[in-house]
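Hi,

Here is the structure I promised to pass on. Please open it and keep it in view while you read my notes below.

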Amino acid sequence: NVPIISEGVVAGVINLYLDESHKYNEAEVVFLEAVANTLAGLIKRRQIEDDKEKIWGQLLQSQKMESIGRLTGGIAHDFNNLLAAIIGYSDLALERVTEGDPLHEYISTAIEAAVKATKLIQQLLAFSRKQILEIQQVNLVSLVENLSRILTRVIGEDVTLALELDSTVKNIMADEIQMEQAILNLVVNARHAMPKGGCLTIGVRDVQIDDKFVTLHGEAKPGSYVRLSVKDTGIGMSEKLQEKIFEPFFTTKKKDEGSGLGLSTVFGIVSQHHGFIDVTSELGKGTTFDIYLPVSEETDVKDKDKEESISLAMGTETILVVDDDRTVLAMHSELLKSIGYNVLAAGSGEEALQISDSYNDNIDVLVTDVIMTGMDGLELSKAILKKRPSIKTIFISGYIDNAILFEDILKEKMAFLPKPVRANDFAKKIREVLGNTTGG
């Protein structure tokens with residue numbers, strides 16, 4: 001027996017079967033060792049070639065997903081603005097129609113449809129990593145335990161749910177609602193992969209990722225992670241299918257059984273949380289999704305802000321509204337005028353500054369879109385605050401194009417509303433930033 005040793009690891013063995021009467025000599029030993037060393041070199045070279053091929057494939061897949069993400073994010077952003085106008089004007093129309101009028105039902109139905117469309121847009125924004133997140137410390141073990149009751153209903157009686165949770169697992173920095181959505185989407189996907197029943201296992205544990213792991217997973221970085229595993233005993237997937245599963249609208253389900261956005265949403269959520277996904281699957285033997293999320297470096301766990309119930313109230317204050325989408329600008333202005341406010345409208349940050357400089361009376365609130373051509377909303381707010389230190393600001397957006405910008409806004413707990421904005425939410429937020437629930 002002559003071992004084939006590659007980098008200190010036995011990669012194989014040469015077994016030589018000889019007649020009992022044969023007595024091998026030193027030359028034969030040297031020859032066999034040379035053969036073993038040559039084979040070890042060939043094995044190492046093949047491993048390097050396989051690794052290069054895998055890394056190249058990961059790079060191409062990453063570039064493809066990035067391109068699709070940019071396209072999807074841009075489309076979702078434009079549709080979000082259209083829905084903002086549809087929902088806003090529908091809310092205004094609904095206020096002018098009595099409940100018994102047939103138009104009331106028509107408009108309400110239209111709003112419901114638009115709200116459903118908004119949820120679809122949110123999934124697209126999640127995939128493109130442009131969704132707005134509320135980041136806080138999250139413990140995945142607690143999150144999975146709290147979700148377990150819902151998950152048992154989702155998977156049905158013919159699927160067994162097994163939890164393998166490490167109670168000492170560290171926290172991550174995440175949007176809890178988005179994490180719940182990602183887990184739920186993976187569970188629904190696993191359920192569809194087990195039409196005849198089976199076992200679904202969800203595991204959470206701490207892992208340490210080293211350079212060797214990174215070599216085979218191009219998107220990974222060395223460090224401490226929490227690994228969330230969702231494993232099923234279903235039908236499994238071919239390698240060709242695995243290359244497409246995270247693409248938006250790609251689905252193997254029958255018509256009307258799914259939108260094809262479940263796994264693409266998971267991909268976007270995990271990417272936006274600076275994590276990555278590893279998928280292993282074999283036809284007939286099931287699939288495992290391993291999600292790696294970086295461990296939180298913060299030590300203090302902060303409680304969620306408690307939302308105060310603020311009653312809807314009209315107002316008479318002056319509000320400067322800024323948005324570079326003219327349709328959204330007109331809708332927001334009309335909405336605020338309809339509940340009594342004096343509205344100044346600007347289609348850009350530069351125009352807003354000009355209005356602020358030329359307007360001699362008090363401006364109580366600045367309502368501005370975050371992402372705008374030219375001056376962004378945060379820059380505008382800082383510029384106006386220098387001359388009007390008492391002005392309050394409400395940021396509005398449905399799309400992240402600059403993650404650092406949004407981190408600054410959320411970190412400082414600045415007033416924020418996601419697009420599309422409902423009339424009630426708009427009115428409440430204004431009264432909230434002004435510090436009272438009655439009109440000025």
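**The sheet**

An open sheet of 5 strands runs through this predicted model, in the order E4-E6-E7-E9-E8 and with mixed pairing. Strands of a sheet pair through backbone hydrogen bonds, either parallel or antiparallel. Strand E4 (159–165) and strand E8 (276–282) are the edges. Each has a single partner strand, so one side of each has no neighbour in the sheet. On average, neighbouring strands are turned by 15 degrees against each other, direction ignored.

Now look at one pair. Strand E7 (residues 223–232) and strand E9 (residues 286–294) run antiparallel, joined by 8 bridges. Find Val-230 there: opposite stands Phe-289 in E9.

**Helices across the sheet**

Two helices to find next. Helix H3 (residues 140–155) lies across E4, strand E6 (198–209), E7 and E9. The angle between H3 and E4 is about 175 degrees. Helix H4 (residues 176–192) also lies across E4, E6, E7 and E9. H4 runs at about 170 degrees to E9.

**A helix pair**

Move on to helix H9 (residues 349–358) and helix H10 (residues 377–387). Their axes come within 10 Å and cross at roughly 10 degrees. Angles under 35 degrees count as roughly parallel, so H9 is roughly parallel to H10.

Which residues meet here? From H9 come Gly-349, Ala-352, Leu-353, Ser-356 and Asp-357; from H10 come Leu-380, Ala-383, Ile-384 and Lys-387. By class, this contact of H9 with H10 has 5 nonpolar, 2 polar and 2 charged residues.

Take a closer look at Ser-356, which sits in helix H9. Is Ser-356 buried or exposed? Its relative accessibility is 5%, so Ser-356 counts as buried; the cut-off for buried is under 20%. Leaving aside neighbours within four places in sequence, Ser-356 is in contact with Ile-363, Ile-384 and Arg-388.

The protein averages a pLDDT of 79, and 78% of the residues score at least 70. Among its elements, strand E10 (residues 318–322) has the highest mean pLDDT, 95. Helix H11 (residues 403–411) has the lowest, 53. Over residues 300–312 the pLDDT is below 50. Beyond near neighbours in sequence, that stretch has 13 contacts in the model. Where pLDDT is low, the predicted coordinates should not be read in detail.

Best wishes

Conventions:
Residues numbered from 1 in each chain as written. Predicted model: local features only at pLDDT ≥ 70, side-chain atom pairs only at ≥ 80, totals over all residues. Heavy atoms only, no water. Axes fitted to C-alpha atoms, helices over the stretch in contact; angles between N-to-C directions. Helix = DSSP H or I, 4+ residues; strand = E, 2+ residues; numbered from the N terminus. Parallel < 35°, antiparallel > 145°, perpendicular 65-115°, else oblique. Contact = heavy atoms within 4.5 Å. Nonpolar A, V, L, I, M, F, W, Y, C, P; charged D, E, K, R; others polar. Pairing = 2+ DSSP bridges. Buried < 20%, exposed > 50% of the residue type's maximum accessible area, 1.4 Å probe, protein only. pLDDT = per-residue confidence, 0-100.
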